[in-house]
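Student: I have the file open next to the sequence. Please walk me through it and give each cut-off as you go.

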Amino acid sequence: MTEVVLAGLWGLVAGSALLLGAVVGFGLRVPQKVIATVMAFGAGVLLSAVSSELLSEAYGEAGLTPVAVGTLAGAAAYTAGNVWLAGRGARHRKRSGHLRAQAQPTEAQQSGSGLALALGALLDGVPESAVIGVGLLDGGTVSLVTVAAVFISNVPEGLSSSAGMKKAGRGRAYVFGVWGAIAAASTVSSVLGYTVVGRFSPTVIAVVTAVAAGAILAMVADTMIPEAFEDAHLAIGLITVSGFLVSFALSHA
């Protein structure tokens, strides 16, 4: 099996976790505290993967200054996209909708919000998938840990968001269509991360990895932690640290 195909398969595996979470969130009535708990755990997993895998590897290749600039650029780019989408109805795309003030809008309440939600899901998923493909350039060691971290974190993301979509009156075809498309986009993003970024020097690859890491960190802070805090705030620290340690253990296994 060629590494290009392998990159696509790993991207599909990670992206399919969103679809798995969507099936659970749309089909079952999951208690809000359970959603908050798994979201906090997933946030910890991603935070650990970014720090101990992505940024650590990038720093070893390029040094502090390029990695710091790349990380800030990634966070700034994500934030700019998120601000644009927030004004079009995607501000609470990761929310399960149990609080009226933080519920996803219906199409009647805000025209075009369905498309904005889909674009928001794409914005959240692309950086995660891209680093999977980039990781394979290093022989696969980083990628395997990152795949596990992204998969674990994607399940609660899909679960919470699809529950919010359902409460906003969006049907089964829309919900599963969005997450199916994001799973496909994750596959393409991972392949592009391997094929396109792989043509550059190790320093450029390190900076691109840092950009993706910055976007992931911004996404965790803006969309995952707020949802987790709403109902798990008394235990969010312990749960997040548990997720962090699981990912840390994977990276040192």
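Tutor: Let us settle burial first: a residue is called buried under 20% relative accessible area, exposed over 50% and partly exposed in between, with a 1.4 Å probe and protein chains only. This is a predicted model, in which local features need pLDDT of at least 70 and side-chain atom pairs count only at pLDDT 80 or more, while totals for chains, interfaces and linings use all residues. Residues are numbered from 1 along each chain as its sequence is written, and side-chain values use heavy atoms, with hydrogens and water left out.

Student: OK, so how many salt bridges does the structure hold?

Tutor: There are three, where a salt bridge is a side-chain nitrogen of Lys or Arg within 4 Å of a carboxyl oxygen of Asp or Glu. One of them joins E107 to R170, with the closest N and O atoms 3.3 Å apart. That pair links distant parts of the chain, 63 residues apart, since E107 sits in the loop between α3 and α4 and R170 in the loop between α5 (141-167) and α6. Helix names here follow DSSP runs numbered from the N terminus (helices H or I, at least four residues; strands E, at least two).

Student: And R170, buried or exposed?

Tutor: R170 counts as buried because its relative accessibility is 9%, whereas E107, at 40%, is partly exposed.

Student: What does R91 pair with?

Tutor: R91 meets D222 in a salt bridge of 3.2 Å, N to O. R91 lies in the loop between α3 (64-90) and α4 (113-136) and D222 in helix α7, so this contact ties together parts that are 131 residues apart in sequence. Both ends are partly exposed, R91 with a relative accessible area of 38% and D222 with 24%.

Student: Which side chain does R93 meet?

Tutor: R93 meets D124 at 2.9 Å, N to O. R93 and D124 are both buried.

Student: Since α4 came up, how many of its residues are buried?

Tutor: Of the 24 residues in α4, 18 are buried, so the helix is mostly covered by the burial definition given above. Its end C-alpha atoms lie 36 Å apart, close to the 34 Å expected at 1.5 Å a residue, the expected span being 1.5 Å times one less than the number of residues. A kink of about 30° is placed at G125, shortly before the proline P127, where the bend at a residue is the angle between axes fitted to the seven residues ending there and the seven starting there.

Student: And where is the kink in α3?

Tutor: In α3 the kink, also about 30°, is centred on W84. A straight helix of 27 residues would span 39 Å, but α3 spans only 34 Å between its end C-alpha atoms. Its buried residues include G70, G74, Y78 and L85.

Student: Changing topic: which residues touch the most other members of the largest nonpolar core?

Tutor: L46, I216, V220 and M224 do, within a core of 29 residues; such a core is a set of buried Ala, Val, Leu, Ile, Met, Phe, Trp, Tyr and Cys residues joined through side-chain atoms within 4.5 Å. At least two residues each come from α2 (32-62), α3, α4, α5, α7 and α8 (236-251), and α7 gives the most, with 11 residues.

Student: What makes up the nonpolar surface patch?

Tutor: V188, L192, V196, F200, V204 and V208 make a patch of about 460 Å². Patch members have over 30% relative accessible area and no salt bridge, with like charges joined within 9 Å and nonpolar side chains (Val, Leu, Ile, Met, Phe, Trp, Tyr) within 5 Å; the areas come from the Shrake-Rupley method with a 1.4 Å probe, and for residues only the protein chains shown count as cover. L192 is in helix α6 and is partly exposed, at 44%.

Student: How far apart in space are L54 and A206?

Tutor: Their C-alpha atoms are 8.6 Å apart, although the two residues are 152 apart in sequence. L54 is in helix α2 and is buried, at 3% relative accessible area. For F229 and A40, which are 189 residues apart along the chain, the C-alpha separation is 7.7 Å. F229 is found in helix α7 and counts as partly exposed, at 46%.
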